[in-house]
Amino acid sequence: MRNKLLLIVGVLFFLIGCTENENEITLPDGIPDFVKESDFSSIDWEKKAVPFGDRGIVGNENKSGVIGAEMPSLNGQKWMWHLWDVDNLGELTVVGYHRESNKVHQILTTGWSTQLGGGNNGADAHAPSSVKIPEKGEWAILLYVDEQLFDILVFDIKE
């Protein structure tokens, strides 16, 4: 009887450990060192990116937004990133996180980062890019400016 109880307890611990590991985030090889697993805990999935202004920008008003995000992105698309309250025109790093799979992806087609340019469409900085979203679903796009987490955009990518 005692052996059966120990076996059941052992199996339960194993199953609990496996379940917890399914939600664990693993950063892919080659991702910049300043991106931390803890950054993903600050995602608010209820705070979806919304359209604002008259230029077709979708994002978090007066913080960050994208022109092109409302277009199909699974086969590639051009997105124009817009950032407010940016003093230094350094690098913009873009990290995609797929909610359903718990996987982190590079979504810029040219690498993890791109150079920011000056003001555009009322924003303090902008950057054109090509993106490819690997699959449908809810995505958190973490934006880093000069190696610091700047903002998180949440999109529901359907096509």
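Which residues is His98 in contact with, leaving aside its neighbours within four places in sequence? In this predicted model, the residues in contact with His98 on that basis are Lys103, His105, Glu135, Lys136, Gly137, Glu138 and Trp139. The protein comprises 1 helix and 10 strands, and 42% of its 159 residues count as buried.

**Overall fold**

- Along the sequence, the order of elements is α-β-β-β-β-β-β-β-β-β-β.
- Among contacts between residues at least 6 apart in sequence, 59% join residues at least 24 apart.
- The accessible surface of the protein amounts to about 9200 Å², and carbon and sulfur atoms account for 52% of this surface.

- His98 belongs to strand S5, which spans residues 91–98.
- His98 counts as buried because its relative accessibility is 3%, under the 20% limit for buried residues.
- The side chain of His98 forms a polar contact of 3.1 Å with the side chain of Glu100.
- The His98 side chain also reaches the backbone oxygen of Lys136, at 2.8 Å; Lys136 is likewise one of the residues listed in contact with His98.

**Nonpolar cores**

- In soluble globular proteins, nonpolar side chains tend to be buried together.
- The largest nonpolar core of this model has 26 residues, of which Trp81, Leu92, Ile141 and Phe155 touch the most other members.
- Two or more residues of this core come from each of strand S4 (77–83), S5, strand S8 (125–131), strand S9 (137–145) and strand S10 (148–157).
- Another core, of 15 residues, lies apart from the largest one and includes Phe40, Ile43, Tyr97 and Ala140.
- Leaving aside neighbours within four places in sequence, Leu92 is in contact with Trp81, Leu83, Trp112, Ser113, Thr114, Leu116, Ala127, Leu143, Tyr144 and Val145.
- Trp81, one of these contacts of Leu92, is also among the core residues that touch the most other members.

**Largest pocket**

- The largest pocket holds about 180 Å³ of space.
- Its lining consists of 13 residues, and those nearest the pocket centre are Ala69, Glu70, Phe155, Asp156 and Ile157.
- Strand S10 supplies the largest share of this lining, with 4 residues.

- Lys78 lies in strand S4 and is exposed because its relative accessible area is 60%, over the 50% limit for exposed residues.
- Not counting residues up to four places away in sequence, Lys78 touches Ile67, Gly68, Ser129 and Ser130.
- The C-alpha atoms of Lys78 and Leu108 are separated by 9.6 Å, with the two residues 30 apart along the chain.

**Val35, a buried loop residue**

- Val35 is found in the loop between helix H1 (2–22) and strand S1 (50–52).
- Val35 is buried because its relative accessible area is 3%, under the 20% limit.
- Not counting residues up to four places away in sequence, Val35 touches Leu27, Phe40, Val95 and Tyr144.
- Val35 and Thr93 are 58 residues apart along the chain, and their C-alpha atoms are separated by 9.4 Å.

How values were computed
Residues numbered from 1 in each chain as written. Predicted model: local features only at pLDDT ≥ 70, side-chain atom pairs only at ≥ 80, totals over all residues. Heavy atoms only, no water. Buried < 20%, exposed > 50% of the residue type's maximum accessible area, 1.4 Å probe, protein only. Contact = heavy atoms within 4.5 Å. Areas by Shrake-Rupley, 256 points an atom, 1.4 Å probe, with all protein chains shown as cover. Polar contact = N/O pair within 3.5 Å; in protein donor to acceptor, adjacent residues only side chain to side chain. Core = buried A, V, L, I, M, F, W, Y, C linked by side-chain atoms within 4.5 Å. 1 Å grid on protein atoms, 1.4 Å probe; cavity = no way out; pocket = protein on both sides within 12 Å on 5 of 7 lines; lining within 4 Å. Points joined across faces, edges and corners; volume = space filled by probe spheres on them.
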